There are 2 protein chains.
Amino acid sequence: MRGSFLRPLTRRLSLCLVLCSLSTLAYICLLGSPRLQLTSSLNGLVDDPGGDDSPQTGSATQAGRELTCDINGLQHVSCLRDGLEVFLPFSFIRKYFEVYGKLSADGSTFHWQHSYSKYSNPSQKYKANGPYLWFGNYNVAIRDRVKVISGIEGKPKRSSRGVPVSTQWNSSGHLYPTQIAQFGLSHFSKNLTATSTTRRQFLLTRGTTQDGCEWKAKEGAVFRPTSDEDTGRPVMEFRTSEGEAAPGVELDFETTEQFPIVQLDLFLGQNGSVSVYVIASGTTYGVHYVMTDVLISSKGQDVYVGIGASRNAWRTLTRDVFIDLRKGLQTGTGKRASRTAAALVGKTVQIVKIVFRGHGRIGNATLLTQAHDEYFFAACNYLVKNQDRDGGWPITVGRNLVPELLFLTAPWYSAMAQGQCMSLLVRAYLVTRQQIYLQSALRALELFKKDSRNGGVLTKFADKYSWYEEYPTPKSSFVLNGFIYSLFGIYDVFKVSNDSGARTLFLDGMTSLKHMLPLFDTGSGSVYDLRHFSIPSLPPNIARWDYHTTHISQLLYLNTIMQSKILETTAQRWIDYLHGKRAPHN
Amino acid sequence: MRGSFLRPLTRRLSLCLVLCSLSTLAYICLLGSPRLQLTSSLNGLVDDPGGDDSPQTGSATQAGRELTCDINGLQHVSCLRDGLEVFLPFSFIRKYFEVYGKLSADGSTFHWQHSYSKYSNPSQKYKANGPYLWFGNYNVAIRDRVKVISGIEGKPKRSSRGVPVSTQWNSSGHLYPTQIAQFGLSHFSKNLTATSTTRRQFLLTRGTTQDGCEWKAKEGAVFRPTSDEDTGRPVMEFRTSEGEAAPGVELDFETTEQFPIVQLDLFLGQNGSVSVYVIASGTTYGVHYVMTDVLISSKGQDVYVGIGASRNAWRTLTRDVFIDLRKGLQTGTGKRASRTAAALVGKTVQIVKIVFRGHGRIGNATLLTQAHDEYFFAACNYLVKNQDRDGGWPITVGRNLVPELLFLTAPWYSAMAQGQCMSLLVRAYLVTRQQIYLQSALRALELFKKDSRNGGVLTKFADKYSWYEEYPTPKSSFVLNGFIYSLFGIYDVFKVSNDSGARTLFLDGMTSLKHMLPLFDTGSGSVYDLRHFSIPSLPPNIARWDYHTTHISQLLYLNTIMQSKILETTAQRWIDYLHGKRAPHN
């Protein structure tokens, strides 16, 4: 193809004697020879208007000449013609076929991309104690749909400390078990491969310490050693005026390393607060941890993260200050706020100072490079404490997939949430060997045995194949990715417990998947769900490329635990679709 | 789009001062301005290599300049660039997306076609006594898969006189009930709308007759009036030497009208034969109707059509001589034969002479413009006579849809054959009110009640939805178009008989269709069958455009008898796919 087109063009260029140069403008003359050879692949398709007998058909054969393309008789597009080859503008092709393209920086190459998303290829067999799929690549907290990692302490059942609050489907925020499980699974997986955590623990003393930090009690502020009433361990007490402008007890330090995480053992009394100051791109921001139940707010360069109003108890505060800063700035109104937040991405952010105000005690002050363990257990413990009597984690906001046709009214359960929570809890059990995690995961199975019309997550395809519904809509939606995630959860529970119920659920699910997978295959991509089977007046809901690659990754990982020609060939075909290949037609 | 691209180009052309003209070669200079406006739809997609600050990025902005397109990192294609618009060659686009295009004869417009096939929109409600769907547009006999319209007489059960012999799946030819039914249905439908038949009946006498034809008994040939032994009616007897070169009894005539059909009442004795001579494009061809069981053969310009070896009985020979000529020439070996046959298409073919040889009697000699009735009843009567005890028309050749996975061993029944035969027989009944046709159609229903694993055509989708199999493969294939054709047949039988079994079969089928139709929807076309559901290792079998339009036409016609939002919206969406529209993705 390349060769056959290049040859005539080169010849034309060598014939071109008129080469004009005017200032910095470059001219190029393209000579249109009236009898250029026919690009071979166009043979027989294009009517040669001149025919063999009329080589003089002047204007019709000028090189690079403009020409109208009539698209299905419905629209016109300006094209170019060179000999018998017609060239169509990418701006048209791109919209018509929804493909992607970008010119290289030097302008020499145009990179055509059929799809924009990549799949994950497992490097080893999926295991219940291993990384959760490819989730080690994710940073859940940073997602736009995460409002904040909650700092709120409360009674065990309602405490959300350390887990993400979701704005998915409800901008005011809710505790979405799927997101919480993914947050935990991502941190668990990162932890397996992460380099070891670097800690910088500050000495609790007054003045300059031996490790180069300095504790300063500003005017009127008190900072003194004392001992904890209950344990007797030595701690520092601070007492200052209140409010973020008040002179406080400051911990100043310099670091060369990126420490995004602050970990403090705190006992807060009246209006105690902690402010962490960071410098990003020359601007100083304040991230204030305050005793309120407002999750997060901001004003100018100041972000306020609620850590709950309850006082007079020791707590460990582990905060990713960079995330808090970003989430806080995003809560600001207007474009400026999100621009500021966006501007932080990838920038060097440095914690430079921690200030304590009001009244309280400090038992520990440490900077960390990562806190995967803490976040993993925050998620696990949240789920154990908030599992309901049915073994479920109810989702408290409604969901409208198709108005009046495909919807869920709160509260509802999700097979995907159940499954990912199970995968998380199984890992917590395998790390700790604490039965509470395993028992919670086992209890979560019950909803898989209960029909979605009765509040469970089980439905049947054509009354025959069991399907675990990510969205147990009154008319089944058969969402593929959520179903497969739930299979991994069931598998994990089965592997650690050998529970016969889990075994049956897994095998039933695999049977369904192997039979129904082809129904998700469009021959050039995949459908996200089978809503069109349940509600035949609906068009198929094609999966966008990132869901299509999710499907592929899931099949590849599933194939490491249940080898199957169906999974293998389907995954391979679906991979081929990413590059524009299509299933054959008859 | 058109405007935004045209403007800068026009400006460039008007700026272009160097316009060269050399002999008949035309030069055109395209001036590449370095800061052409960005084609709006490319905004944000294309990296502007220069950026706002560097307008002098010379070569990167030359108009019509060549550029490499890297396609998914897998292949390279030569493209053109004009400003920031990249133009891709249609020869690439065409293969990559399988679209169609043709330059207009004057070279001014390139016609892009997403699909190549048209659907049929019903102009009125489908009726059991009306045209069969859009089959009035078909000429079945002319199809390549029709070897010949059989001229063979035999015992009632084996006679194939007047029906097509198929070469589908078996080049030696077989009597394929689907094709026979379609042949009859097409002639029935044409007959409903055809202009009246023009006949030219020749006077049976010696010498020149008053209507300008001339009977000549060549040297040694006898041609004399006599009377039929049984009926006493006056007929002409001929007796000549045998063989196609022998002097015979000639009927010479001139016509201005196109009469493709010869109809003769004949009583043939020893080696009687009839030769019809036609002139096409200046060449004379002979089409010889000879007493043999060889269906058709040819040698040079001579075609031989077998009319069976049985003699000494009156028969009516009705032959489309043009079709016979074409089919005959196609039997010749080599490219020359098919070229000759192809060359006849659309050419004026004129019958100029009929020659009788050997011994026989002539009761009637007529030329006809059409013989729809005759062919319709030939098909009906063939089917009545050849229906088996199960009510079926067995197909006597095996069929391999996917080797070793999806196949049929002969003999087998087809729901499509059954259905189309039923539609044909119902029409014969409504025309003639002869019970034999209705009874035959009713008996044909029985196979729809019998499981395909037991020799019937009924299967179930997921043990739930009844499906009538065009190809009752051991693993169900769920071919859509054949299923819908069978529904029309069942509907026709129900409408004329009010048979409760037919009613149930039809309603069951409609229920299945409404539920399963979405599974045939790929979001950009349709699948031909659901083989991939039955054999999940298979890719979906995408319907090529002419099957896709068949699906659309079927849904539109079905919707005239059973109005349904599902049929309507699906048909409309599938029509949109013809122009490149796609179902939405999430």
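Trp215(B) has a relative accessibility of 3% and therefore counts as buried in this predicted model. Its partner in an aromatic pair is Phe223(B), which counts as buried because its relative accessibility is 4%. The points below take up this pair, the aromatic pairs of the whole structure, the charges over rings and the domains of chain A.

**Aromatic pair in chain B**
- The rings of Trp215(B) and Phe223(B) are stacked, with 4.9 Å from centre to centre and 20° between the planes.

**Aromatic pairs over all chains**
- Over all chains, a search of the whole structure finds 79 aromatic pairs.
- One of these pairs joins Phe238(A) and Phe356(A), whose ring centres are 5.4 Å apart and whose planes stand at 50°, so that the pair is tilted.
- Because Phe238(A) belongs to strand E14 (residues 234–239) and Phe356(A) to strand E22 (residues 349–357), both of chain A, the pair ties together parts that are 118 residues apart in sequence.
- Phe238(A) and Phe356(A) are both buried.

**Charges over rings in chain A**
- Lys353(A) places its charged end over the ring of Tyr277(A), at 5.3 Å from the centre of that ring.
- Over the face of Phe267(A) lies Arg361(A), 4.6 Å from the ring centre.

**Domains of chain A**
- The domain assignment divides out domain 1 (2–83), domain 2 (195–369) and domain 3 (374–577) in chain A.
- Between the C-alpha centres of domain 2 of chain A and domain 3 of chain A, the distance is 40 Å.

Note on methods
Residues are numbered from 1 along each chain as its sequence is written. Chains are lettered from A and ligands numbered from 1 in the order in which they are written. This is a predicted model: local features need pLDDT of at least 70, side-chain atom pairs count only at pLDDT 80 or more; totals for chains, interfaces and linings use all residues. Side-chain values use heavy atoms; hydrogens and water are left out. Domain bounds come from an automatic or database domain assignment. Rings of Phe, Tyr and Trp (its six-membered ring) pair if their centres lie within 6.5 Å; planes under 30 degrees apart count as stacked, over 60 as edge-to-face and the rest as tilted. Helices (H or I, at least four residues) and strands (E, at least two) are DSSP runs, numbered from the N terminus. Buried means under 20% relative accessible area, exposed over 50%, partly exposed in between (1.4 Å probe, protein chains only). A charge sits over a ring if NZ of Lys or CZ of Arg is within 6 Å of the ring centre and within 35 degrees of the ring normal.
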